[in-house]
Amino acid sequence: MIPLFKVEKEGTALSLRKSTIIEKAQKLVLKGKFKEAVEEWKKLAAETPNDGNIYNAIGDLYLKANDKANATTAFIKAADAFQTAAFELKSIALYKKALKVDPSKIEIYEKLAAVYAERGLIGNAIDDYLKAAKYYSTQGNFRACLTVYRKLASLDPENINIRFEIAEMCQKQEVKEEAVEEYKKVVALYAAKNMASEADAIREKIIALDPSYARQEEDALQEEPPETQRGHPVLEKEPEVEADYGSVISEFSANMEEPEASEMSAGFLEPESKPMAEEQTV
């Protein structure tokens with residue numbers, strides 16, 4: 001076990017060292033020696049690589065030196081560090097700061113969208129993912145664009161337009177199996193919304209890519225039970241019940257006695273109270 005006084009001593013030494021480095025860096029900044037000041041801050045970054053504030057300070061110094069490329073890199077590192085430490089608001093601010101310096105860094109939009117998604121800001125996440133997807137599409141980077149659209153689909157699984165875009169991209173790149181699978185998902189979404197004509201149109205696209213799909217659809221329909229059996233089962237009399245019922249009637253007829261004249265003249269037959277009622281029930 002490390003003695004407590006030793007830990008405190010080391011912590012104090014580190015704090016003094018940090019203060020000394022920062023003080024030296026500030027003096028260099030006052031002299032306009034920004035790059036030399038950056039080197040001092042990098043010493044701190046080497047000792048505490050997960051401190052977003054250090055990378056933010058380095059980024060600011062690079063900006064003062066008019067080095068936008070390194071400034072953007074530093075701001076991204078700062079944002080990543082804050083994101084790892086679960087400081088989402090700080091990470092969002094730093095990602096936006098990096099984009100302001102260099103809007104061409106499209107990968108920042110993906111990072112920013114991921115943070116928005118974690119915070120439940122799905123609308124913001126979708127907007128930034130779409131910006132990234134649009135850029136990759138204009139650059140002809142199919143795989144990167146497809147990756148972004150799949151992230152979009154995971155955020156909004158019921159979005160038919162996103163699924164359709166994925167299928168279209170796969171078809172254009174002749175990735176037929178992936179295109180067919182995505183088109184099937186579109187068909188399922190249309191069917192769930194009772195949009196039969198739209199679903200049929202997508203089925204035609206699937207058949208054009210995979211002719212065996214038509215046979216699969218026919219087989220699936222044949223396996224489905226008739227409507228009357230699924231929703232309204234047909235009631236049939238069981239033979240055993242009919243036979244028993246007929247025997248009861250025959251036995252009842254055979255056991256009936258001829259009514260007396262007084263009963264006939266009264267215009268009706270007096271029913272047997274209990275046995276006949278039971279037989280009629282049967």
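How many residues does helix α11 have, and how far does it reach from its first C-alpha to its last? Helix α11 (residues 196-209) has 14 residues and reaches 20 Å, close to the 20 Å expected at 1.5 Å a residue; that expected span is 1.5 Å times one less than the number of residues.

A word on the model: it is predicted, so local features need pLDDT of at least 70 and side-chain atom pairs count only at pLDDT 80 or more, while totals for chains, interfaces and linings use all residues. Residues are numbered from 1 along each chain as its sequence is written, and side-chain values use heavy atoms, with hydrogens and water left out.

| Side of α11 | Residues |
|---|---|
| Buried | A199, I202, I206, L209 |
| Exposed, turned away from the buried side | A196, S197, E204, A208 |

Seen down the axis of α11, the buried residues fall within an arc of 70 degrees, so they line one face of the helix. The arc is taken from the directions from the helix axis to the C-beta atoms.

Now to C145, which lies in helix α8 (residues 142-155). C145 counts as buried because its relative accessibility is 3%. Beyond its neighbours within four places in sequence, C145 is in contact (heavy atoms within 4.5 Å) with A133, Y136, S137 and M169. A133 is 12 residues from C145 in sequence and 4.8 Å away, C-alpha to C-alpha.

Across the chain, 29% of the 282 residues count as buried.

Key
Helices (H or I, at least four residues) and strands (E, at least two) are DSSP runs, numbered from the N terminus. Buried means under 20% relative accessible area, exposed over 50%, partly exposed in between (1.4 Å probe, protein chains only).
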